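Let us walk through this model from its confidence to its sheets, and then to its aromatic rings.

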Amino acid sequence: MKFDKIKNWYGKYERPISSISLIWGFVFDAITLKRVDLFWENFWVVAHLVIVGTCIVLVHALEKSEGDEANPSKKHFWLVNILQFFFGGILSTYLVFYFRSSDILVSWPFLLVLALAFWANEALKKNFMRLAFQISLFFLSLFCFAIFLVPILLHQLSVAIFLLSGAISLIAIALFLYIIWYFAKAEFEKSKKYTLASIAGVFVLMNIFYFTNLIPPIPLSLKDAGVYYSVKRNSDGNYVTVGELEPWTNFFKIYPDFHYLDGQPVFVYSAIFSPSKLNIAITHQWQHLDNAGKWVTTNNFPLTVVGGRDAGFRTYSQKTVGLTPGHWRVNVLTTRGQVIGQIRFDLIVADALPKVMEKVNN
């Protein structure tokens with residue numbers, strides 16, 4: 001009897017409870033998820049995918065006998081709620097991982113898709129009764145997982161690896177559709193056309209995002225970066241940077257002020273995380289905004305990143321000639337032009353250096 005009261009209470013307040021739990025889950029993931037290549041982080045994703053897949057099958061297999069998602073006394077109610085909760089868990093994990101690997105001014109269209117999927121999971125609960133909607137979210141989840149898992153396992157990051165990730169995702173969803181067909185043939189046949197169209201749509205969209213460099217270059221991420229007056233390596237192997245003591249107003253600027261002496265070098269430092277055994281070549285691309293409002297590339301400095309360091313592999317580039325006042329950005333790029341991060345600053349000629357701050361980058 002007491003358990004029935006709890007079920008009825010949850011059924012009455014299911015929507016606010018669900019919303020609060022998903023928001024809390026996102027905050028929890030943002031705090032606890034560390035490295036994209038760690039076993040337990042990926043086990044967490046796999047466990048969620050297995051639970052989501054199982055719930056989708058059971059929801060449609062029990063559609064005729066238990067098909068009442070509004071009744072807490074029915075299995076269907078709990079399956080739909082479990083499905084929604086674990087979908088939220090997967091998508092919040094992806095939002096955390098992909099956001100860390102992105103520059104939001106570059107990758108915002110892809111991040112927006114993930115955010116909309118996260119929102120749709122919560123707001124469009126009735127669509128959880130529609131197989132095509134569930135499958136589209138599930139395939140997006142499989143594809144997003146493969147994009148960073150395959151490079152981690154194969155220690156490579158390239159177009160071929162992305163295409164392999166897509167192929168693995170298609171094979172996985174094909175096997176899953178066979179399971180759905182086996183246990184819920186009538187439901188599958190009713191929505192077969194829409195289901196296949198939704199899979200094709202997600203696949204095409206992900207490829208468009210990738211080949212236009214809108215998908216963040218996960219599993220890489222920019223752990224630290226900045227513009228400095230000098231960058232040196234000390235006897236302990238750490239990098240010591242000397243930079244401008246920034247006013248608090250710089251926090252609100254897209255292009256923070258950086259004062260420099262004409263003829264003196266400017267250094268850009270970056271610490272890039274890459275999974276163990278995933279060694280890559282990167283580029284520091286220096287650009288300035290000309291009078292016509294176009295970004296002009298002045299230098300491309302090739303650099304190397306060795307994977308495995310938790311705080312990121314540290315490297316830097318420097319420029320002395322051609323430093324004109326105005327907006328500058330240094331794009332940290334993969335070899336195929338994906339933006340790992342951007343360091344932006346407004347270069348201002350000064351008669352004397354402002355107050356400086358020394359920092360040891362461990």
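Confidence in the protein is lowest in helix α1 (residues 2–12), with a mean of 50, and highest in strand β6 (residues 280–289), at 96. These values are pLDDT, the predictor's confidence in each residue, from 0 to 100. Where pLDDT is low, the predicted coordinates should not be read in detail. The protein's mean pLDDT is 85, and 85% of its residues reach 70 or more.

This is a predicted model, in which local features need pLDDT of at least 70 and side-chain atom pairs count only at pLDDT 80 or more, while totals for chains, interfaces and linings use all residues. Residues are numbered from 1 along each chain as its sequence is written, and side-chain values use heavy atoms, with hydrogens and water left out.

The protein has 9 helices and 11 strands. Both are DSSP runs, numbered from the N terminus: helices are H or I of at least four residues, strands E of at least two. Of the 362 residues, 49% count as buried. Buried means under 20% relative accessible area, exposed over 50%, and partly exposed in between (1.4 Å probe, protein chains only). Among contacts between residues at least 6 apart in sequence, 74% join residues at least 24 apart. A contact here means heavy atoms within 4.5 Å.

Start with the sheet of 5 strands. It is open, has the order β4-β10-β9-β6-β7, and its pairing is mixed. Two strands pair if DSSP finds at least two bridges between them. β4 and β7 (295–305) stand at the edges with a single partner strand each, so one side of each is left without a neighbour in the sheet. From one strand to the next, the twist averages 30°. Such angles run from 0 to 180 degrees between N-to-C directions, with axes as lines fitted to C-alpha atoms, for helices over the stretch in contact. β4 and β10 run parallel and are joined by 4 bridges. Phe-258 stands opposite Leu-347 in β10.

Rings of Phe, Tyr and Trp (its six-membered ring) pair if their centres lie within 6.5 Å; planes under 30 degrees apart count as stacked, over 60 as edge-to-face and the rest as tilted. By this rule there are 30 aromatic pairs. Phe-258 and Phe-345 have ring centres 6.2 Å apart and planes at 65°, so this pair is edge-to-face. It links distant parts of the chain: Phe-258 lies in strand β4 (residues 257–260), Phe-345 in strand β10 (residues 339–349), 87 residues apart. Both Phe-258 and Phe-345 are buried.

Elsewhere, Tyr-94, Phe-97, Tyr-98, Phe-110, Phe-145, Phe-148 and Phe-209 form one aromatic cluster.

Now turn to the sheet of 3 strands. It is open and antiparallel, in the order β1-β5-β8. β1 (221–228) and β8 (313–319) stand at its edges, each with a single partner strand, so one side of each lacks a neighbour in the sheet. Strand β5 (residues 266–273) is joined to β8 by 7 bridges. Within this pairing, Tyr-269 has Tyr-316 of β8 as its bridge partner.

Finish with Ser-221, which is found in strand β1. At 9% relative accessibility, Ser-221 counts as buried. Beyond its neighbours within four places in sequence, Ser-221 is in contact with Arg-100, Ser-101, Ala-271, Ile-272, Phe-273 and Ile-340. Ser-221 and Gly-312 are 91 residues apart in sequence, yet 8.2 Å apart in space, C-alpha to C-alpha.
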